[in-house]
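Here is a short report on one protein model. Keep the structure in view as you read.

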Amino acid sequence: MKKRIFTDFDGPIMDVSERYYQVYLYCLDKIRKSDQIVTTLSKSEFWELKRSQVPEKEIAKLSGFADEKQSIAFAHLRRATVHTDPYFEHDQIIASAIPALEKAQQSGVDLAVMTMRRRRELEPVLDKYNLRRFFASDRIFCLDDDYIKTVDTQDKPKLMKLAQANLPEVQQQWMVGDTEADIIAAQTYDVPVIGVLSGIRNQTQLEKYKPNQILPNLLSSIDTILEP
């Protein structure tokens, strides 16, 4: 039986927590007044807030920005900064991701990557970690550099629509992702979906969208999909 696995990039393959935390530290420093005392959250505290989908303004308030103007400025600056070049270098590949992809490939699975990264944000990382060996050029679904983003839950299903229209049919497909956008994109096209806990959403947030399963990471997902 020919199987295809779509995997998201950030979350299943890349750990983005350090990038998000470094941007948080930068925004804290930029928004605080020179004499202002702020509360710097630890990385684990900050990341758990992100995974719980606590709003930016709330994170700002927890960090000492009681003033509404400051918390709004913090939220705007973070959004404007988090996907900029200097910070992508903080991303790290998840240790088990390469063995997971190798296992899938050796088992004859058709692998495709589906990500909200723009092409210019994705391609250097594919090269850095030699990931193109897993994903043929027509199995890479990302945003064009000039694409006007709306929200991920609307943009990601468009990528899945493109994939379903252009890829050859297989007997079984799966999506592996770490956010509601992945789950919605898969469910829109009746593709079974596994939510992974190695990314930016925790168990509680993923459960709201009713994926077929919730598993620790890409490796456990591929193990489950390959089970006879």
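## An enclosed strand

Strand β4 covers residues 110-118, and nine of its nine residues are buried, so the rest of the structure largely encloses it. Buried means under 20% relative accessible area, exposed over 50%, and partly exposed in between (1.4 Å probe, protein chains only). Strands (E, at least two residues) and helices (H or I, at least four) are DSSP runs, numbered from the N terminus.

In a regular strand, side chains alternate between the two faces of the sheet. In β4, Asp 110, Ala 112, Met 114, Met 116 and Arg 118 point one way. Leu 111, Val 113, Thr 115 and Arg 117 point the other way.

## About the model

This model is predicted: local features need pLDDT of at least 70, side-chain atom pairs count only at pLDDT 80 or more, and totals for chains, interfaces and linings use all residues. Residues are numbered from 1 along each chain as its sequence is written, and side-chain values use heavy atoms, leaving out hydrogens and water.

## Partners of β4

Two strands pair if DSSP finds at least two bridges between them. Four bridges join β4 to β1, and the two run parallel. Here Ile 5 stands opposite Leu 111.

β4 also pairs with β5 in the parallel sense, over three bridges. Arg 118 faces Leu 143 in β5.

## The whole sheet

Which order do the six strands take? The open sheet runs β5-β4-β1-β6-β7-β8, with parallel pairing. β5 (140-143) and β8 (213-215) stand at the edges with a single partner strand each, so one side of each has no neighbour in the sheet.
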